[in-house]
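Reader: I would like to learn how to read a model like this one, feature by feature. Please give the general idea each time, and then the case at hand.

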Amino acid sequence: MTAESLPGAEPYRMRPSPGRALRAASDAIPPSGLVLLGILSVQVGAGLAKNLFTQLPPSAVVFLRIATSAVMLLAVVRPRVHGLSRRDLAVGVAFGLSLGLMNLSFYEALARLPIGIAVAIEFIGPLTLAVVSSRRRLDLLWVALAAAGVILLAPWGGAGTASWVGIGCAALAGACWAAYIVFSAATGARFPGASGLSFAMIVSTIVIAPIGVTAGGSDLLRPEILLIGAGVGLLSSVIPYSLELEALRRMPKRVFGILMSLEPAAAALVGLFVLHEVLQVREWAAIGCVVVASIGATRAGGG
């Protein structure tokens, strides 16, 4: 799951490049293709993480993802904190906390909901932030449409495949996603280069470690678990972040945001074909409401 590329939000622009080889290969792919590949990578990574839930609790899988992503990031970018004020460091810590809580609540939602439903509900957080930031009356329509989607997803009378606890966790993840976007921009303005993201990853790893290590125990040291955890970190963070950065260099942010609005639908398709999660017609309709609301908010926002 990425968090810097939502409608109306300024992306965290300084992310580490995986190397010249990937840059050369990406030059041959149109920017829209890079965005779609990034979306696919994130959702396949989430599917891979969900498959791990049969062996590890969600909190332990979150720790694996964040820790492996932090190690990969630190191999490229070292956090530089020399000369920063306490306020600067506090912003970086808040960025890391929002990152950790966002992933923890999302994975808890993923353990209780089909992936397409979890992503659709989570998307409402940054969508609401985009609408609040734009202050256009028309954008209230997009919030209402997204809210209608959530109402369709709710298990009224025990119907559907969603659970109230899962919906609550996904909503919390969405709120943390919105906070992440705000603190990402603030951190990018205070920390040099990509060191703010690296610093936040370290903070997030430290915060999640007690929960994840306690839940996972010695199973976290199994070689096959570590390998899958590295794959989740690579697919969910390193690859999509790099693809998005390259795409943003070559296409307008508005078009980028519209393409990213397809993420809930992509998640539902990954759930269907990878996890065999079959959704009901009203659940597909609900996801469609969120996608249309996100596209509408992005087009209204311009850029």
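Reader: Which hand does the crossing of α3 and α8 have?

Author: A crossing is left-handed if the near helix is turned anticlockwise from the far one by less than a right angle, and right-handed if clockwise. Here α3 passes α8 in a left-handed crossing. Helices (H or I, at least four residues) and strands (E, at least two) are DSSP runs, numbered from the N terminus. This is a predicted model, in which local features need pLDDT of at least 70, side-chain atom pairs count only at pLDDT 80 or more, and totals for chains, interfaces and linings use all residues. Residues are numbered from 1 along each chain as its sequence is written, and side-chain values use heavy atoms, with hydrogens and water left out.

Reader: At roughly what angle do the axes of α3 and α8 cross?

Author: Axes are lines fitted to C-alpha atoms, for helices over the stretch in contact, and angles run from 0 to 180 degrees between N-to-C directions. For α3 (residues 58-74) and α8 (residues 195-216), the axes cross at roughly 150° and come within 8 Å. α3 is therefore roughly antiparallel to α8 (angles under 35 degrees count as roughly parallel, over 145 as roughly antiparallel, 65 to 115 as roughly perpendicular and the rest as oblique).

Reader: What classes of residue has the contact of α3 with α8?

Author: Ala, Val, Leu, Ile, Met, Phe, Trp, Tyr, Cys and Pro count as nonpolar, Asp, Glu, Lys and Arg as charged, and the others, Gly among them, as polar. The contact of α3 with α8 has 16 nonpolar residues, seven polar ones and no charged ones.

Reader: How many helices and strands are there in the chain?

Author: The protein chain has twelve helices and zero strands. Of its 303 residues, 53% are buried (buried means under 20% relative accessible area, exposed over 50%, partly exposed in between, with a 1.4 Å probe and protein chains only).

Reader: How many salt bridges does the structure hold?

Author: Side chains of opposite charge can pair when their charged atoms come close. A salt bridge is a side-chain nitrogen of Lys or Arg within 4 Å of a carboxyl oxygen of Asp or Glu, and the structure holds six. One of them joins Lys-50 and Glu-277, with the closest N and O atoms 2.5 Å apart. This pair links distant parts of the chain, 227 residues apart: Lys-50 is in helix α2 (residues 31-52), and Glu-277 is in the loop between α11 (263-273) and α12 (281-301).

Reader: Are Lys-50 and Glu-277 buried or exposed?

Author: Both Lys-50 and Glu-277 are buried. Elsewhere, Arg-222 and Glu-224 form a salt bridge, their closest N and O atoms being 3.0 Å apart. Arg-222 is partly exposed because its relative accessible area is 28%, and Glu-224 is partly exposed at 38% relative accessibility. Asp-219, Arg-222 and Glu-224 are linked in a network of salt bridges.

Reader: What is the phi of His-276?

Author: His-276 is not a glycine, yet its phi is positive, at about 60°. His-276 lies in the loop between α11 and α12. With 63% relative accessibility, His-276 counts as exposed.

Reader: Which residues is Val-292 in contact with, leaving aside its neighbours within four places in sequence?

Author: Contact means heavy atoms within 4.5 Å. With those neighbours left aside, Val-292 is in contact with Trp-142 and Leu-145. Val-292 lies in helix α12.
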